[in-house]
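Please open the model in your viewer and keep the selection tool at hand. The tour below moves from one selection to the next.

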Amino acid sequence: MISTNVDELFDPAFLSRLESLSLLARQLVRSRQRSERRSIQRGASVEFAEYRPFVSGDDWRYIDWNAFARWRQLVLKLFVEEEDLHVHLLLDCTVSMDWGTPMKFDYARQLIAGLAYITLANLDRAAVVPLAAEDYQLWPPSRGRHRFLQLLRYLSRCPLADAPTRLEDATRRWVATRPRRGMVVWVSDLFGADLEDALRALDRLRYSRHEIAVIQIRDPSEATAGDPGEYEVEDCETGAVHKVIVDAGLARRYRERFAEYQETILRYCRTYRIPLLQASTEVSVPDLITRSLMTGGFVK
């Protein structure tokens, strides 16, 4: 059953761990992000960068008159400014996320909450995009820790899609809104209608010219075909129903196909230099985030 209560999905122990994670992230992440987002801007700022000649149309307020007295030439001061980062957290709401213990969708929502908290604590802007939940509005880019409780309420109400949805279609609809360029973190099991659907969805994000990272959520039970027997199986992403007899041969082929699927995703991300973290729901969300911060758990 999908958790829809804030206290049920985000218990006090989980929230207390997030505070310690934000402190860790402030030490390990913030300095790196700031250095990557420094840009030369004209105007008031924190650090002088260089001079350039004054030209018609420039703001005369930024002329360095001391330099003019020395060089008899009008020059402007340029400064290094820090740009706030827009972090777009993409939450997979397709029906394949309705699986496992804990449910992949609940795990993903906790992970989104953790990433959002770190982003807000860093004074960057966090947006949450529920991919495939068509009637549910995204959480607009927001800044400041005071927004976090509202974000938890938003996530607790976020629904799964009520019908099969292609990952490519879901990502295409979001990219078409032309969101401000920034960092995109896609939290998904990457189980689309087929492997090509997942890869085309990644293509959509890659072509959007954002900086992309992917966290693939996996339940341990998905790696095996299950107990021997005869089953009627419904593909939750397509709705197709198949009769299946699980025996030793099919179990072996399933394991091979699953490993091949995972390896293809990994190879794709390595080829296009997309950071990828393949995460098992056996690991708690705070432990997963801590490990990623400490060791750089993403594969490039």
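Buried means under 20% relative accessible area, exposed over 50% and partly exposed in between, with a 1.4 Å probe and protein chains only. This is a predicted model, in which local features need pLDDT of at least 70 and side-chain atom pairs count only at pLDDT 80 or more, while totals for chains, interfaces and linings use all residues. Residues are numbered from 1 along each chain as its sequence is written, and side-chain values use heavy atoms, with hydrogens and water left out.

Next, select Phe191, Tyr254, Phe258 and Tyr261, which form one aromatic cluster. By the pairing rule, the count comes to eight aromatic pairs.

One of these is Tyr117 with Phe148, an edge-to-face pair at 4.7 Å centre to centre and 70° between the planes. The pair links distant parts of the chain, with Tyr117 in helix H5 and Phe148 in helix H6, 31 residues apart; helices are DSSP runs (H or I, at least four residues), numbered from the N terminus. Tyr117 is buried, with a relative accessible area of 9%, and Phe148 is buried too, at 8%.

Methods:
Rings of Phe, Tyr and Trp (its six-membered ring) pair if their centres lie within 6.5 Å; planes under 30 degrees apart count as stacked, over 60 as edge-to-face and the rest as tilted. Helices (H or I, at least four residues) and strands (E, at least two) are DSSP runs, numbered from the N terminus.
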